[in-house]
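Subject: Structure handover and findings

Hello,

Here is the structure for you to look through. My notes follow below it.

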Amino acid sequence: PTLTSTFSKNTPHCLGDTLQLTYTGSSGAVSGIGYSWSTPGGTQIGSGTSIKVVYATSGTHIFSLTTSFGASHLCPSTTTDSIKLFAYPTATFTSQSPICLSDSSLLAYTGTGTAASTYAWNFGSGIGYPGVTSSAPHHVHYAAGGDYKVYLTVTNGGFCSRTDSAQIHVIPTLTSTFSKNTPHCLGDTLQLTYTGSSGSVPGIG
């Protein structure tokens with residue numbers, strides 16, 4: 001009978017995902033049929049009517065199946081297909097910390113995303129500018145002192161995402177007020193005591 005070489009595939013999107021190829025043709029019941037898979041650039045696992053393939057590089061990969069009869073490979077039939085795999089980006093960025101309450105923290109992306117990648121910043125309760133969808137340097141400002149987390153998610157190809165984070169310590173408004181006793185005579189001791197509101201903030205000098 002006429003041999004066919006059609007096959008199904010799953011839909012991996014990211015580098016390192018496993019491609020599953022399964023023969024779906026009509027010659028499965030014919031004895032003596034050979035199945036020859038071609039997967040350039042990939043590591044093939046298994047043989048026969050179902051295999052798995054893992055690729056080490058991103059980009060478009062072409063693969064095919066040829067079915068034939070007997071040792072002489074008679075009546076060959078070939079089906080070809082392809083997939084496009086995207087590399088996982090990195091989402092690393094630098095930040096300024098600690099900062100004063102009146103300042104903003106500069107965030108600078110240092111990862112491997114490209115202009116085609118998508119970027120999603122999460123500043124929590126902070127206000128970030130120029131926005132939340134760019135790899136450009138960002139500034140984030142917080143309205144109160146404390147510790148805050150900033151997250152960045154970078155995605156390639158709509159599926160392959162990585163997230164990184166940084167903690168920003170915001171120093172509350174420092175005051176320098178103090179009280180004094182009222183010595184009047186030479187030789188009396190002047191007593192000065194800090195009365196400001198930053199006494200509970202660690203690291204204050």
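Helices (H or I, at least four residues) and strands (E, at least two) are DSSP runs, numbered from the N terminus. This is a predicted model, where local features need pLDDT of at least 70, side-chain atom pairs count only at pLDDT 80 or more, and totals for chains, interfaces and linings use all residues. Residues are numbered from 1 along each chain as its sequence is written, and side-chain values use heavy atoms, with hydrogens and water left out.

Start with H73. H73 sits in the loop between strand 6 (59-69) and strand 7. Its phi is positive, about 55°, although H73 is not a glycine. H73 is exposed, at 55% relative accessible area. On the scale used here, buried means under 20% relative accessible area, exposed over 50%, and partly exposed in between (1.4 Å probe, protein chains only).

C75 also has a positive phi of about 55° without being a glycine. C75 belongs to strand 7. With 53% relative accessibility, C75 counts as exposed.

Two cis peptide bonds deserve a look. One joins S97 and P98, with omega about 0°. P98 is in the loop between strand 8 (93-94) and strand 9 (99-100). Another runs from Y129 to P130, with omega near 20°. P130 falls in the loop between strand 12 (127-129) and strand 13.

**Disulfide**

The structure holds one disulfide. The term means a pair of cysteine sulfur atoms within 2.5 Å. Here C14 is joined to C160, S to S 2.0 Å. C14 lies in the loop between strand 1 and strand 2 (18-23) and C160 in strand 15 (residues 160-171), so the link ties together parts that are 146 residues apart in sequence. The angle about the S-S bond is -105°, and the link of C14 and C160 is left-handed. C14 counts as buried because its relative accessibility is 4%. C160 is buried too, at 0%. As for C100, it counts as partly exposed at 40% relative accessibility.

**Salt bridge**

How many salt bridges are there? The count comes to one. The rule asks for a side-chain nitrogen of Lys or Arg within 4 Å of a carboxyl oxygen of Asp or Glu. K9 pairs with D81, and their closest N and O atoms are 3.2 Å apart. K9 is in strand 1 and D81 in strand 7 (residues 74-85), so this pair ties together parts that are 72 residues apart in sequence. K9 is partly exposed, at 32% relative accessibility. D81 is partly exposed as well, with 28%.

**Aromatic pairs**

A search of the whole structure finds seven aromatic pairs. Rings of Phe, Tyr and Trp (its six-membered ring) pair if their centres lie within 6.5 Å; planes under 30 degrees apart count as stacked, over 60 as edge-to-face and the rest as tilted.

Among the seven pairs is F7 with W37: the ring centres are 5.4 Å apart and the planes at 65°, so the pair is edge-to-face. The pair links distant parts of the chain, with F7 in strand 1 (residues 7-9) and W37 in strand 3 (residues 33-38), 30 residues apart. F7 is buried at 12% relative accessible area, and W37 is buried at 10%. F7, W37 and F63 form one aromatic cluster.

Y109 and Y119 make another edge-to-face pair, 5.3 Å centre to centre with 75° between the planes. Y109 lies in strand 10 (residues 105-109) and Y119 in strand 11 (residues 118-122), so the pair ties together parts ten residues apart in sequence. Y109 is buried at 16%. Y119 is buried at 8%.

**A charge over a ring**

R162 lies over the face of Y88, at 3.8 Å from the ring centre. This label requires NZ of Lys or CZ of Arg within 6 Å of the ring centre and within 35 degrees of the ring normal.

**H138**

Is H138 buried or exposed? H138 counts as buried because its relative accessibility is 0%. H138 is found in strand 13 (residues 138-141). Its side chain reaches the backbone oxygen of A136 at 2.5 Å. Such a polar contact is a pair of N or O atoms within 3.5 Å; within protein, one must be able to donate a hydrogen and the other to accept it, and residues adjacent in sequence count only if both atoms are side-chain atoms. Leaving aside neighbours within four places in sequence, H138 is in contact (heavy atoms within 4.5 Å) with residues including S105, L107, W121, F123 and P130.

Best wishes
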